[in-house]
Amino acid sequence: MIVGLLICAIGLIPIVLAFSVNKIYKKSNLTLGITLLMVMISGWQQGIGVLYFTALLDEQSAFWLFRILRFAPTYSVPATFFVAYCTIKSFSVTLKNDSILNRVVNYIFTKKMMIALIIWTSFVYFISWTDFGMKGLETRRISTSDIEFYFPIYGEMAALYVFHMASLIIFLLFLFYISTKIRNTNIRSFLKQFSMYTLLLFLLGLFNFNPETGIIMGSLGVIIFSIMVMFEFIKLNAIIEFNYYQLRERQKKLDFTGNFVGSLIHEMKNTSTIIRGFSKLIMEDKELTKMQQGALDMIYKATDQLEQLSFNFNEYIIHSKMSFRTENIVSIIRDSIELSSEFTKQNNIEIELIDSYKSLKAFVNKSYLQQVFINLIKNSSEATPPGREERKITILTNMNEDYIVIDFFDTGKGIPESDWDHIFDPFVSSKDDGTGMGLPFVKKIIFEHRGDIVVVDSTSLGTHFKIIIPQLGSDT
């Protein structure tokens, strides 16, 4: 009886920690996942504790409670998967130098896989309510003491439950492996520690099948898991909040800079009007060559882009809002390539667009998104060393569930890995004459589209950016 109460008391540790932290941090899918997993671990321990209430419960009552509480360890498998899924999806996780592993991760960590796992788990739990899973309980005694406990009598399909729990161990080993490949150091640390402590918990939980050591080892695993996983979760959130604080400080600088943008927009409009007016006069000359006519057409297109961008900036400053409409992403990229032709010609850069879909439509702001690609093309063109033989930018479009994925490869000199987290910060530039506003602008625009842009890889032979944009976007 005392042993059962002790196990149940220890089992309350994870749920108390989870709900305490849940009140501190804002609601998110990851917070929900951690809370659900802690509830499952707590329920698991309560189920084990019930087996030691031989003086309080008869075999039939204990068996009924044990079957109910077996819900917790059984569903801890999809709960663990959900934590990993939320972490990978919420932080747009990409892996180092392994496109095959990236595809495997994108295939495994999906909503469909989550639903399939829940259905499978429900089947396994249903079996435990039949004689095929468990037939009943029998009373045993620990040989070195007078402690009595109930022990399950397993049925013909008990191996199904063993397989179910063993699959979790295999999954955790896989999760640990992919965590070592994650670029983001904070997410890498969290997933690595999470997989290690969860694996330790379930390995120590196997000792529950050995009454001589199960009481101590299983409870020890719960204590270590609860404290360390919650510590890693709090540390991750603390880092996120610190980064958010830094972002706010940088935003203050941007707000100060924004005070000058109004007059700058006014001058841009005046300049574009002058360019358009004189271009129109020149076009009236009937002796223009075909090359000159093409150059004037390009000036007109660039002027339209400048005027549209000025209008959008002005609207954004006044209303802090972007206007969105359904556009073809591939067409936007093609227009951006055409508008960037001057940069690419000057630097002798070849651009290849590999569009896997004829029409790839999304809810976006065309001119802003166009400027994103122009910025990336310009940066990549300027980053390509003069003596480099291969001078190429490759843009690859694809789909991943409800998201459009755009991979942007260049053959530039690369970005040091230590700078990957800072290149999107305002006023940070590697160029002597750079303002440090290009990539922050890109990040801001992609963020406004409810997407993200990250550095997947960068060496002395080139850089790989990945842009993710939801198809539906947002009109808020």
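1. Let me begin with arginine 450, which is partly exposed, with a relative accessible area of 41%. In this predicted model, arginine 450 lies in the loop between helix H15 (438–448) and strand S8 (452–459). Its backbone deserves a look: phi of arginine 450 is near 60°, a positive value in a residue other than glycine. Most residues other than glycine have a negative phi.

2. Asparagine 348 is another non-glycine residue with a positive phi, here about 55°. You will find asparagine 348 in the loop between helix H13 (341–346) and strand S4 (350–355). Is asparagine 348 buried or exposed? At 57% relative accessibility, asparagine 348 counts as exposed.

3. Now for the chain as a whole. The chain has 15 helices and nine strands. Of its 476 residues, 45% count as buried. The accessible surface of the chain comes to about 25,100 Å², and 62% of that belongs to carbon and sulfur atoms. Taking the contacts with a separation of 6 or more, 75% are between residues 24 or more positions apart.

4. How many aromatic pairs does a search of the whole structure find? The search gives 14. One of them joins tryptophan 44 and phenylalanine 202: the ring centres are 5.1 Å apart and the planes are at 25°, so the pair is stacked, the cut-off for stacking being under 30 degrees. Tryptophan 44 belongs to helix H2 (residues 29–50) and phenylalanine 202 to helix H8 (residues 185–205), so this pair ties together parts that are 158 residues apart in sequence. Both partners are buried: tryptophan 44 has a relative accessible area of 11%, and phenylalanine 202 has 4% relative accessibility.

5. Phenylalanine 149 and phenylalanine 151 also form an aromatic pair, this one edge-to-face, with 6.5 Å from centre to centre and 80° between the planes. Phenylalanine 149 is buried at 3% relative accessibility, and phenylalanine 151 is buried with a relative accessible area of 11%. Which residues do ring pairs link into a cluster here? They are Tyr52, Phe149 and Phe151.

6. The charged end of arginine 70 sits over the ring of tyrosine 161, at 3.6 Å from the ring centre. In a second case, the charged end of lysine 443 sits over the ring of phenylalanine 424, with 4.8 Å to the ring centre.

7. Methionine 157 is in the loop between strand S2 (148–154) and helix H7 (158–179). Methionine 157 counts as partly exposed, at 31% relative accessibility.

8. Isoleucine 119 is found in helix H6 (residues 111–127) and is exposed, with a relative accessible area of 58%. From isoleucine 119 to proline 78 there are 41 residues in sequence, and the two are 9.8 Å apart in space, C-alpha to C-alpha.

9. Next, the salt bridges. Side chains of opposite charge can pair when their charged atoms come close. The count comes to 12 salt bridges. Among them is the one between glutamate 148 and arginine 141, where the closest N and O atoms are 2.8 Å apart. Glutamate 148 is partly exposed, with a relative accessible area of 32%, and arginine 141 is partly exposed too, at 46%.

10. Aspartate 355 forms a salt bridge with arginine 334, the closest N and O atoms being 3.4 Å apart. The pair links distant parts of the chain, with aspartate 355 in strand S4 and arginine 334 in helix H12 (residues 329–339), 21 residues apart. Both count as partly exposed: aspartate 355 at 27% relative accessibility and arginine 334 at 44%.

11. Lysine 366 is partly exposed, with a relative accessible area of 36%, and aspartate 335 is partly exposed at 27% relative accessibility.

How values were computed:
Residues numbered from 1 in each chain as written. Predicted model: local features only at pLDDT ≥ 70, side-chain atom pairs only at ≥ 80, totals over all residues. Heavy atoms only, no water. Phe/Tyr/Trp six-rings, centres within 6.5 Å; stacked < 30°, edge-to-face > 60°. Helix = DSSP H or I, 4+ residues; strand = E, 2+ residues; numbered from the N terminus. Buried < 20%, exposed > 50% of the residue type's maximum accessible area, 1.4 Å probe, protein only. Lys NZ or Arg CZ within 6 Å of the ring centre and 35° of its normal. Contact = heavy atoms within 4.5 Å. Areas by Shrake-Rupley, 256 points an atom, 1.4 Å probe, with all protein chains shown as cover. Salt bridge = Lys/Arg side-chain N within 4 Å of Asp/Glu carboxyl O.
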